[in-house]
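Open the structure in your viewer, keep the selection panel handy, and follow the stops below.

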Amino acid sequence: MASRKKLLATLLTGAVTVGLMAGCGNNSNDSTSSNANANAGASDEKIKLRMIESLTSPNRTKLIQTSIDKFEAANPNIEVEFISPPFDQADNKIRTMLGAKEDIDILEVRDLNVAEMVNNGFVEPLNQYADKWADFGSVTAVAKSVGSVGDKIYFIPNGLYERQLFYRADWFKDLGLTPPKTWDELYETAKKLTDPAKNRFGFSFRGGSGSTGTTDAMILAFNGENVNLEDSMFTKDGASIYSTPEGKAAMELYLKLYKDASPPDSINWGFQEQVQAFTSGVTGMLLQDPDVIQSLTEKMQEGTWATAPLQTGPGGKALLAAGGAGWGIAANSEHKEAAWKLIEFLSSPAENTQFSKDFGLIPVHASAAEDEFFKTGPYKTLLDMSNQPDTFVNYKPAFQYPGNAQWGQVAMESTQALLLGQTNLDDTLKKWDQYWVDEKAKLKK
Amino acid sequence: MKQRLLSMFKFSYLSLYLIIMIFPLYWIVITSLKPQKDIFSFPLKYWPDTITMDNYVNIFKISKFHIYIGNSFLIAITAAFVVLIIAILSAYVLARFSFRGHRQIMLAFFATQMLPGFIALAPLYLMMSNMHLLNNRISLVLMYTVGLIPFSTIMLRGFFQRIPGSLEEAAMIDGCSRWSALIRIIIPVMLPGIASTFIFAFVQNWNELFLAVMFIDNDALKTLPVAMNSFIMKFDVDWGAMSAGAVLSIIPTILIFAFAQRFIVEGLTQGAEKG
Amino acid sequence: MKNQRMFILSGLLPALLLVLVFTYYPFFKGIVMAFQEYKLFDLRNVHFVGLDNFKAAFKDPKFLMALKNSGYWVFCSLILQFTFGLILALMMKKQFKGRGIYQGFAFYSWALSGFLIGMIWKWMFNSQIGVINDLLLKFGIIHERIGFLSDPKWAMVSNIVANVWYGVAFFAIMLLAALQSVPSELYEAAEMDGAASWRKLMNVTLPYIMPTIIATTLLRAIWIFNDPSIIYGLTNGGPAGSTHILSSLMLDKIIYGGDYGAASAIGIIMMVILLLYTIFFLTVTKAEKVGDF
């Protein structure tokens, strides 16, 4: 008897909770729809903007929310709903929302997917807004180029990242080493640091997802001057960078780097393992973007690590691509003016510089380079690199090719097969060459 | 002699299994108690030099963890209850009656387990949008319920089939309607099966990540798996926060399993007394 | 009679309606993608291509590899999970001191999400900073670190280990519940006949719980086949695509290729395989009674 009553009671509670939730949900829904109606009615009524980020992390969300709060205080008629899906799922969610024509006004667009967004008509070109923006002039050319497809700009980056070398300053000192300037030196240095008996390796290799970060960087550096900077998978002669003898030499060095100076396990490492191996003292050198600076500062003793510029190829050039994500306006937005107002605020020199400092990015305004913060410490290297544009040459990654999305995966799997000795180098390079020749042919159609 | 051998085997099997199960948990727990700098220090530390609650304090500071836990509980328990009610009915009908379409209905339930879920995702998202259920916890309760109906029905039907039909026939002769015979006689006997189905449903709901990410925008409505997924960032995993969150998310399930033990046995003995 | 029909109808309707509207309807709306060129990069150019996606799948060595891996993955995971789970349930059937707490720790793995299991085991299996290599070295079982996730010889085994660790609890829970509903009279009768414990197990216990065994193994096989989360988290199909199963390959097509057409085609092929498997399984186990299929 007792248990039956208990069961009934619990069932009832269950039913009541459903009712309660229904109540809450409906209320919130009602309020949004009434808001929308109000917007349509009078323009000085409160506008509600929906904004979604992609590169979410709890700290970053907090920083952006603080800026939004400031904006709301200054613009009492605009209310911002800031949506923060987990990074892992964010792009997928954004696509689904855009595909279903859900209300979204501002979205975080990434260098990786801006071409896709533009191709599908999801995002609005920002030129007409940017032209009227007083601070647009001080946005660096690199930042503009990252946010553009063709001659139109689709997002204002909220910060840039560029690859640089992080190394164990204490190990280097013990062995009397200096940071390597070329890829060959990097290999030699890595070999000296390697001592498998002590579980120490020179290079934080990354053979898993994102492996092209290393292979392409080396192949580009070895091809050096010959690379067509606007169409960077090809040389100035129109051949793919994988078909040249320089490309082959780069990959030969790459194979040696894995075999002689990297943890065997790293063939399947992604960014997590790559960074973890460095912070836990297994590896001595790491190639990464400045957003790892925060976690290195948190996890490692001060003075044990330092930064150096990216390595150059035999021709003395390192090819460098800036990456970034930033704020764009959804093509379906009904509040584009208000949305731009918020983007303008977030992208202002003051806000953007502060955000870059707090989160570890290169600011998008040239004026920020004057800031002491970026002239010292781990960021200095990045500034040094941009001060030597002849050595550290900027190129535009191949984001305009539809096949670029899949390239990482194709290259990763064939690189792994190569590292495992299942295929040989010539066949691999032939395959890569064919992939890009095909892509180019498709693009021309 | 044979008895002793058997109990020795039993003891060693249970101990070994326990060690294998507990070790990863132990590893998460001590990680959650290590300061950030020690988590990835090499050589590995099997016992932290300093114990800190920082990671726990942190996840409540950087995100609204108490709210996520509350949402997860609310959604997981509600959906599990609704599933039970619906599935007990359908399972009972499918276990006790034969009628035209019986076979097809069983097959339709069973086949849902084979559908690749992602194919339905975009249409489902549109449906939720049209029903104004996006960004509303009801969407998750609804979808979790739907997702678990087939399995729960199949499972409960198995339990019903093991209970002799004579049990409720006797009650119906005594003047009970079929409904009250079901509620008064059959369900108490079924409690072990119902309890395990409930636990199963709860656990699935408690862990569901994909739909929760898709359907919920508002931070105040997010669930625990979504919050934990947020500790994976572009270039790092916040293992301190991740392990602290994992520990917090495991505790309720360990408690439920430990508690349900008593519940299952109690239900069984009661059923036996009545029978 | 009319009453009975009402009872049947009202009992089935909620379940049936919900499943039809929220499972089958969106699924059939989505299925059309398998016959289209449907690429995220070019959503404005979605068009029908007939069976091209299926033809492409069967020509792809990666697909064939994943097909083979799927069989291996399901077979090994299932057998090990079931065997360990059944033994565990049998040992836990009799009350012992602290059984409640024991149950809590023995079963919690089932309550973890696949994504968390992938993360935890990836970390533990890491050959440089992972705890498993460290322990094996400490105890002198191995002398050289093993690349559990990077050596093609080990990668699939490691995935299966993590999956078994996760899934034993499922069988133990389900079988334990079934065991506890075995009427004690059956045992009493067997004991009067003087049956030994092994014979009791084979003649009384197992036949009684057979419907549960068949239903759980059948379902579990389908879930193991369909769930990419552990492989996605642990090896992500690597190294060199050697550990992809069909479901992780499907995910791969979506996440890294944005090719929904190809992914849907793989999804449909998976469904057909599962249907064939189910028919085969039910015929072999002569289990028409289990589900009256």
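**Stop 1: where chain B meets chain C**

Select chains B and C together: the interface between them has 0 salt bridges by the rule used here (a side-chain nitrogen of Lys or Arg within 4 Å of a carboxyl oxygen of Asp or Glu). A word on the ground rules: this is a predicted model, where local features need pLDDT of at least 70 and side-chain atom pairs count only at pLDDT 80 or more, while totals for chains, interfaces and linings use all residues. Residues are numbered from 1 along each chain as its sequence is written, chains are lettered from A and ligands numbered from 1 in the order in which they are written, and side-chain values use heavy atoms, with hydrogens and water left out.

Polar contacts are present here: 13 residue pairs, both at pLDDT 80 or more. Such a contact is a pair of N or O atoms within 3.5 Å; within protein, one must be able to donate a hydrogen and the other to accept it, and residues adjacent in sequence count only if both atoms are side-chain atoms. Now highlight α1(B), which brings 15 residues, the largest share of the side of chain B that touches chain C. Helices here are DSSP runs (H or I, at least four residues), and strands are E runs of at least two, numbered from the N terminus.

Colour that side by class and you will find 69 nonpolar, 12 polar and 5 charged residues. Ala, Val, Leu, Ile, Met, Phe, Trp, Tyr, Cys and Pro count as nonpolar, Asp, Glu, Lys and Arg as charged, and the others, Gly among them, as polar.

Next, select everything in contact (heavy atoms within 4.5 Å): 86 residues from chain B and 93 residues from chain C. The buried area is about 8500 Å², with 78% from carbon and sulfur atoms; this is the accessible area (1.4 Å probe) lost on putting the two together, summed over both.

**Stop 2**

Hide the rest. Chain B has 12 helices and 0 strands, and its C-alpha trace spans about 70 × 70 × 30 Å along its principal axes.

**Stop 3: where chain A meets chain C**

Bring back chains A and C. Here 36 residues of chain A touch 28 residues of chain C, burying about 2600 Å², 50% of it on carbon and sulfur atoms.

How many salt bridges does the rule find across this interface? There are 2. Zoom in on A:Glu413 and C:Lys62, a salt-bridged pair whose closest N and O atoms are 3.1 Å apart.
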